[in-house]
Amino acid sequence: MNVWLAFSSPRICRALGPWLPLILFAGCSGPQSALDPAGSEARIVGSLFWWMLGAAAVIWAAVMAIAAYAGRQRAQPWSDRKAGRFILICGALLPTILLAVLLVFGLRLMPALRAPGEALRIHVQGEQFWWRVSYEFPDGARIDSANEVRLPRGVRTEFVLTAQDVIHSFWIPPLGGKMDMIPGTTNRLVLEPTQSGRFRGACAEFCGTSHGLMNLEVAVLEPAAFDEWAQQRRTATAPPPHPGQALFLAHGCNACHTVQGTPARGRIGPDLTRLSERPSLAAGTLPNDAASIERFIRDPADIKPGARMPSFTHLPPSDSADIARWLEAL
Ligand code: CUA
């Protein structure tokens with residue numbers, strides 16, 4: 001049923017009424033809220049939002065007051081001069097002043113949003129429907145990952161954003177504004193997280209059937225914890241022996257996926273190195289456990305319509321279970 005039609009029913013309004021403030025304010029906090037900033041850029045965008053909301057409220061109240069005043073007046077013709085002056089002041093002068101004040105306020109905030117990053121650069125490429133992530137360190141070393149970014153708290157990190165197929169949009173609401181990812185173009189965004197914790201980003205541009213299933217896990221770590229993690233990842237070690245590894249290679253999963261420390265070097269699909277450290281699977285779609293990994297291997301399109309990965313329903317169940325257990329333990 002149409003949502004607005006539902007609200008036009010008095011019974012539904014009475015039932016929902018007391019909960020409406022709760023529903024409205026639910027968006028004000030949480031790991032994916034732009035109104036609960038955890039980074040300097042988000043704080044700037046947030047303050048712009050509150051100032052614009054305040055200005056809009058003042059204008060709304062003024063218009064309502066004028067409408068109420070007009071409703072009480074007896075109808076009488078105005079002279080051309082009086083009417084002209086009224087239109088000039090209320091229709092041109094006041095809106096121009098208000099919009100100019102908001103424009104100057106917004107422009108003043110922009111330089112801080114475009115300041116260059118410090119040491120860390122993270123390349124993120126939008127794919128249908130996941131995120132290809134590659135950390136670039138000042139010494140040229142790289143760490144590849146997917147669907148998750150780890151950031152050191154208090155460091156201005158530069159994101160280099162591109163797309164492989166169609167336009168996506170990179171958005172981590174608690175850390176900053178959004179930036180389009182356009183095939184053939186490189187866009188840059190600088191973010192400085194000010195709070196450690198787990199946050200969630202999302203693709204903010206319709207990019208195909210599973211656009212709504214393209215989320216990004218974000219972990220902001222204390223700088224020492226980030227350095228320790230990066231050091232571990234830079235020294236790639238072979239995963240412990242497991243029958244799943246041989247099956248992963250035998251069934252050709254390595255044609256698309258990389259697992260550091262093994263012969264799997266595919267670049268088409270997400271890098272699966274250290275998959276266990278990611279909180280979710282398939283870009284925030286499934287919990288990260290062996291059962292979900294196996295479900296995804298057998299029929300990706302059932303979980304993520306339009307996903308490029310073919311289904312592997314022909315695998316013997318014991319093989320897909322072994323591969324899933326190996327990936328879960330990576
Ligand atoms: Cu990618 Cu929407």
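Tutor: Before we start: buried means under 20% relative accessible area. Keep in mind that this is a predicted model.

Student: Okay! Is cysteine 207 buried or exposed, then?

Tutor: Cysteine 207 has 5% relative accessibility, so it counts as buried. Cysteine 203 is buried too, because its relative accessible area is 7%.

Student: And how many disulfides are there?

Tutor: The count is zero, taking a disulfide as a pair of cysteine sulfur atoms within 2.5 Å.

Student: New topic: what's the strand order in the five-stranded sheet?

Tutor: The order is S4-S10-S9-S6-S7; the sheet is open and its pairing is mixed. From one strand to the next, the twist averages 25 degrees.

Student: How do S6 and S9 pair?

Tutor: They run antiparallel, with two bridges between S6 (residues 168-171) and S9 (residues 197-203). Phenylalanine 170 has cysteine 203 in S9 as its bridge partner.

Student: Which helix packs on the sheet?

Tutor: That's H6 (residues 223-234), which touches S4 and S10 (215-221). The direction of H6 makes about 130 degrees with that of S4.

Student: What about the largest nonpolar core, how many residues does it have?

Tutor: It has 34 residues, and Phe159, Phe170 and Val218 are among those with the most contacts inside it. S10 gives the largest share, five residues.

Student: What does phenylalanine 159 touch?

Tutor: Leaving out residues up to four places away in sequence, its contacts include Ile122, Val149, Phe170 and Leu191. Apart from this core lies another one of 21 residues, including Leu272 and Trp326.

Methods:
Residues numbered from 1 in each chain as written. Predicted model: local features only at pLDDT ≥ 70, side-chain atom pairs only at ≥ 80, totals over all residues. Heavy atoms only, no water. Pairing = 2+ DSSP bridges. Helix = DSSP H or I, 4+ residues; strand = E, 2+ residues; numbered from the N terminus. Axes fitted to C-alpha atoms, helices over the stretch in contact; angles between N-to-C directions. Contact = heavy atoms within 4.5 Å. Buried < 20%, exposed > 50% of the residue type's maximum accessible area, 1.4 Å probe, protein only. Core = buried A, V, L, I, M, F, W, Y, C linked by side-chain atoms within 4.5 Å.
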